[in-house]
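These are my notebook entries on one protein model.

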Amino acid sequence: MTDGRGRRDGAGTPLRELLRVRTGARHGGRVDLGAYASSAIPAGPTDKRAGQAAAAGLAGPLADLQERLYAASTAGDRRRLLLVLQGMDTSGKGGTVKHVIGLFNPSGCRITAFKAPTPEEKEHPFLWRVGKAVPRPGEIGIFDRSHYEDVLIARVRALAPPEVLERRYGEINAFEHSLAEEGVTVVKVLLHVGFEEQRERLLRRLDRPDKHWKFDPADIEERRSWQAYQEAYERVLERCSTEAAPWYVVPADRKWYRNWAVSRLLLEHLEELDPRYPPARFDVEACRARLMDG
């Protein structure tokens, strides 16, 4: 199998270890997204049919772990999981959300799609609206875009001076560290789509009248800032991939692989949490006897 940079890697390595962004002096410090192939298959199934079958096979284990996580919360376990999805237009954030929800019980999920801040939200610090959307104990939360828009778009469009952006990186790290201390497992995923693949996806939207609603002419202008966005994402990965909340780069040119990889990442994190059903807080045998007598 190959890792996200096209190199061979040993079998049996958890996907989270292959896709995790590693920064700091030990790992070279800087992040170069160009070194991550958006069409790579770092591990797992190697074709569409196998990938779809593998993703479907994760549904049962994921649903079981979700139920156990929720059940544990009824006995005071405060743990929960938050999936943060970021990526360029057409990278598949919406499609990933749809796929992930299909594997879980929707009643135990909390989905938030972050748009441009409202006038009320602008009156508060940028993390205010994000804190309100954090999943409750026992829940699985999904952010379709997130607080990272405030250091991505703000950087590309020069909406904030460099010193403000620097402060925000630190505020994000502190915020995510506090989430981890409160029992939130934060899984941050960059859906990494290639420049040419994005063009093809936009063209397909133009070719299909039923997809025109998903197309915005402004997307064409945004493509002109592709390199600026890549650099903005590189800074985010460098500054905000921490032990408490690491980033994972998922190759997203193949939709089937993207869906399997995100599902697999969630499974690995939930398995590590290993939530347990709480013991009964009543006399099971006494209740059984009462039912039998009735």
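**Entry 1**

I located Asp 274 in the loop between H12 and helix H13 (284-293); helices (H or I, at least four residues) and strands (E, at least two) are DSSP runs, numbered from the N terminus. The model is predicted, so I note that local features need pLDDT of at least 70, that side-chain atom pairs count only at pLDDT 80 or more, and that totals for chains, interfaces and linings use all residues. Residues are numbered from 1 along each chain as its sequence is written, and side-chain values use heavy atoms, with hydrogens and water left out.

I found a positive phi of about 50° at Asp 274, although this residue is not a glycine. At 29% relative accessibility I record Asp 274 as partly exposed; buried means under 20% relative accessible area, exposed over 50%, and partly exposed in between (1.4 Å probe, protein chains only).

I then turned to Arg 68, which lies in helix H3 (residues 59-73). Arg 68 is buried, with a relative accessible area of 15%. Leaving aside neighbours within four places in sequence, I find Arg 68 in contact with Asp 274, Pro 275, Arg 276 and Tyr 277, where contact means heavy atoms within 4.5 Å.

**Entry 2: Thr 90**

I found a positive phi at Thr 90 as well, about 75°, and Thr 90 is not a glycine. Thr 90 sits in the loop between strand S1 (80-87) and H4. With a relative accessible area of 10%, Thr 90 is buried.

**Entry 3: The protein as a whole**

I count 13 helices and five strands in the protein. The radius of gyration is 21 Å, close to the 19 Å that the globule rule gives for 294 residues, so the protein is as compact as a globular protein of that length. This radius is taken over C-alpha atoms, and the globule rule is 2.2 Å times the number of residues to the power 0.38. The C-alpha trace spans about 75 × 50 × 50 Å along its principal axes. Of the 294 residues, 48% are buried. Among contacts between residues at least 6 apart in sequence, 81% join residues at least 24 apart.

**Entry 4: The largest pocket**

How much space lies in the largest pocket? I noted about 1600 Å³. On a 1 Å grid over the protein atoms alone, a pocket is an open set of points with protein on both sides within 12 Å along at least five of seven lines, a cavity is a set where a 1.4 Å probe fits but cannot get out, and lining residues have an atom within 4 Å of a point. Grid points are joined across faces, edges and corners, and a volume is the space filled by probe spheres set on the points.

The pocket is lined by 50 residues, and Asp 89, Lys 93, Lys 115, Asp 144 and Arg 145 lie nearest its centre. Elements giving two or more residues to this lining include helix H4 (93-103), helix H9 (195-207) and helix H12 (255-273). The largest share, five residues, comes from H7. By class I list 18 nonpolar, eight polar and 24 charged residues; Ala, Val, Leu, Ile, Met, Phe, Trp, Tyr, Cys and Pro count as nonpolar, Asp, Glu, Lys and Arg as charged, and the others, Gly among them, as polar.

**Entry 5: The cavity**

I found one cavity of 30 Å³ or more. The largest cavity holds about 40 Å³ of space. Its lining includes Leu 33, Met 88, His 192 and Tyr 233. S4 gives the largest share of that lining, three residues. I class the lining as six nonpolar, three polar and no charged residues.
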